[in-house]
Amino acid sequence: MSNLKKPLRIDIVSDVVCPWCAIGYSQLAEALKQTNTPHEIHWHPFELNPNTPHEGRNYLEHIMEKYGTTAEDIQENRARMTEVGAEAGFDFQFTDDFRTYNTFNAHQLLHWADQQGRMHELKQALFVAHFVDNQNISDYSVLADVAAEIGLDRSEALAVLKDQRFAAAVEKEKQHWQQQGLQSVPSMVFNERHLISGAQGVENYKSILQQLADMPD
């Protein structure tokens, strides 16, 4: 049971194509539920691969090139992520032709959704669209469909993407977090003071939440 007198602020810097971001949030969400911690979550943009083309890249080839790892190592890592994801309630559907995509448009749509109080729901829907449904989350039509699925206006979502009205705002926020020294995701900042990086696991998150609850105001 939480001892917090007011909701815990949690800022999460992440990218939609980051598997450990989906895992880390799922683990945190379970820890928040088990500890009955009042909280408010704020998502912030990060681009893992800003130079990815619109049509995306084969995930296997991309990781091999970026990190110099072997196909076997990547397959083992994907199997581990799938297992850990399942434990956290997230159903990864990796295939041989699974692709990674440019996420700048997705972050703009999230910025728009935030103005309507729906950013959190859209973030979860985009994780599913990418990692479960293997959709091209750089594509305007796909993004507008995902927005519509959670009840947002599809035509307005399309307009937001086509005129790129939030491009500058997203770029500014990305730079803000980079200037804070954040270079990897997920990065979670609790009450604007305590930074936790990576997916920590449910039990570790529960321990962190308890430590925060025990801190004096």
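**Entry 1: the sheet**

I began at Ser187, which stands opposite Ser197 in β6. Helices (H or I, at least four residues) and strands (E, at least two) are DSSP runs, numbered from the N terminus. The model is predicted: local features need pLDDT of at least 70, side-chain atom pairs count only at pLDDT 80 or more, and totals for chains, interfaces and linings use all residues. Residues are numbered from 1 along each chain as its sequence is written, and side-chain values use heavy atoms, with hydrogens and water left out.

I then followed β5 (residues 187–190), which pairs with β6 in the antiparallel sense over four bridges. Two strands count as paired if DSSP finds at least two bridges between them. β5 and β6 form a hairpin with three residues between them. In the turn, Asn191 has a positive phi of about 50°. I looked up the other neighbour too: β1 and β5 pair in the antiparallel sense over four bridges, and Val13 has Ser187 as its bridge partner in β5.

I noted the whole sheet next. It is open, with four strands in the order β2-β1-β5-β6 and mixed pairing. β2 (39–45) and β6 (194–197) are the edge strands, each pairing on one side only. From one strand to the next the twist averages 20°.

**Entry 2: what covers the sheet**

Axes are lines fitted to C-alpha atoms, for helices over the stretch in contact, and angles run from 0 to 180 degrees between N-to-C directions. Helix α9 (residues 202–214) lies across β1, β5 and β6, at about 25° to β5.

I found both faces of β5 covered: Ser187 and Val189 on one side, Met188 and Phe190 on the other, are all buried. Buried means under 20% relative accessible area, exposed over 50%, and partly exposed in between (1.4 Å probe, protein chains only). Not counting residues up to four places away in sequence, Phe190 touches several residues, among them Leu8, Ile10, Leu28, Ile196 and Ile208.

**Entry 3: helix α3**

The 17 residues of α3 should span 24 Å, and its end C-alpha atoms are 24 Å apart, which agrees.

I listed its buried residues: Ile74, Arg78, Met81, Val84 and Gly85. Seen down the axis of α3, they fall within an arc of 130°, so they line one face of the helix. The arc is that of the directions from the helix axis to the C-beta atoms. What covers them includes α1 (19–35) and α2 (59–67). On the other side of α3, Glu72, Glu76, Glu83, Ala86 and Glu87 are exposed. Gly89 follows α3 and has a positive phi, near 90°.

**Entry 4: Arg165**

I ended at Arg165, in the loop between α7 (154–163) and α8. Arg165 counts as partly exposed because its relative accessibility is 38%. Leaving aside neighbours within four places in sequence, I find Arg165 in contact with Gln108, Glu156, Ala159 and Val160.

Conventions
Contact = heavy atoms within 4.5 Å. Expected span 1.5 Å × (residues − 1).
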